[in-house]
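We will start with the whole chain and then go through a few selections one by one.

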Amino acid sequence: MLLEQAFEALAKSDSNYQLPELLSAKGELLSLLDPRDDAVEGLFRQSLAAAREQGAKLAELRSALRLARLWSVRGRGSEARDLLAPAYAAFNEALDTPDLAEARGLLQRLSHAAAAP
């Protein structure tokens, strides 16, 4: 599998800046096979932790967005909102980028769902 080759190449290099995206990509692919697989959440959590460790704000937003989407689908909307809101709030410019627009939209949906009786 091409993704496994990417992980192997990363392990051999001195750099791991691609780790959050590789973990997220693996989670996305696994979720296509079985969205209920608990490994999906684990991969997104690992991706988020790696992004935070690196101080990579955009990778953190993307990881938080993927995990928040998963939690939202699984009925954990308030947790999803609590996770995504601070990652989104870290940005104060270029708010029209696709990642930030998607995060804003999900936050709005989660807020509306929380406000609904």
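Accessible areas here come from the Shrake-Rupley method with a 1.4 Å probe, and for residues only the protein chains shown count as cover. On that basis, show the surface of the protein chain: it comes to about 7,100 Å², of which 55% belongs to carbon and sulfur atoms.

Before going further, note that this is a predicted model, in which local features need pLDDT of at least 70, side-chain atom pairs count only at pLDDT 80 or more, and totals for chains, interfaces and linings use all residues. Residues are numbered from 1 along each chain as its sequence is written, and side-chain values use heavy atoms, with hydrogens and water left out.

**The whole chain**

Switch to cartoon. You will find 6 helices and 0 strands, in the order α-α-α-α-α-α along the sequence. The radius of gyration is 15 Å, close to the 13 Å that the globule rule gives for 117 residues, so the protein chain is as compact as a globular protein of that length. (Helices, H or I with at least four residues, and strands, E with at least two, are DSSP runs numbered from the N terminus; the radius is taken over C-alpha atoms, and the rule is 2.2 Å times the number of residues to the power 0.38.) Along its principal axes, the C-alpha trace spans about 50 × 35 × 20 Å.

Colour by burial next. Buried residues make up 35% of the 117 residues, where buried means under 20% relative accessible area, exposed over 50%, and partly exposed in between (1.4 Å probe, protein chains only).

**The nonpolar core**

Select Leu-61, Leu-67 and Leu-84. Of the 20 residues in the largest nonpolar core, these three touch the most other members. Such a core is a set of buried Ala, Val, Leu, Ile, Met, Phe, Trp, Tyr and Cys residues joined through side-chain atoms within 4.5 Å. Which elements give two or more residues to this core? They are helix H3 (38-54), helix H4 (57-73), helix H5 (77-89) and helix H6 (98-115). The largest share, 7 residues, comes from H4.

Zoom in on Leu-61. Not counting residues up to four places away in sequence, Leu-61 touches Leu-84, Ala-87, Tyr-88, Phe-91, Asp-99, Leu-100 and Ala-103. Contact means heavy atoms within 4.5 Å.

Glu-60 is buried, with a relative accessible area of 11%. Beyond four places in sequence, Glu-60 touches Leu-48, Ala-51, Arg-52 and Ala-87.

Ser-63 is another residue of H4. Is Ser-63 buried or exposed? Ser-63 counts as buried, at 1% relative accessibility. Leaving aside neighbours within four places, Ser-63 is in contact with Pro-20, Ser-24, Phe-44, Ser-47 and Leu-48.

Now select Arg-69, also in H4. At 30% relative accessibility, Arg-69 counts as partly exposed. Leaving aside neighbours within four places, Arg-69 is in contact with Glu-28, Glu-102 and Leu-106. Draw a distance from Arg-69 to Leu-106: C-alpha to C-alpha, they are 7.6 Å apart in space and 37 residues apart in sequence.

Finish at Ser-72 in H4, which is partly exposed with a relative accessible area of 29%. Apart from neighbours within four places in sequence, Ser-72 is in contact with Ala-80, Leu-106 and Leu-110.
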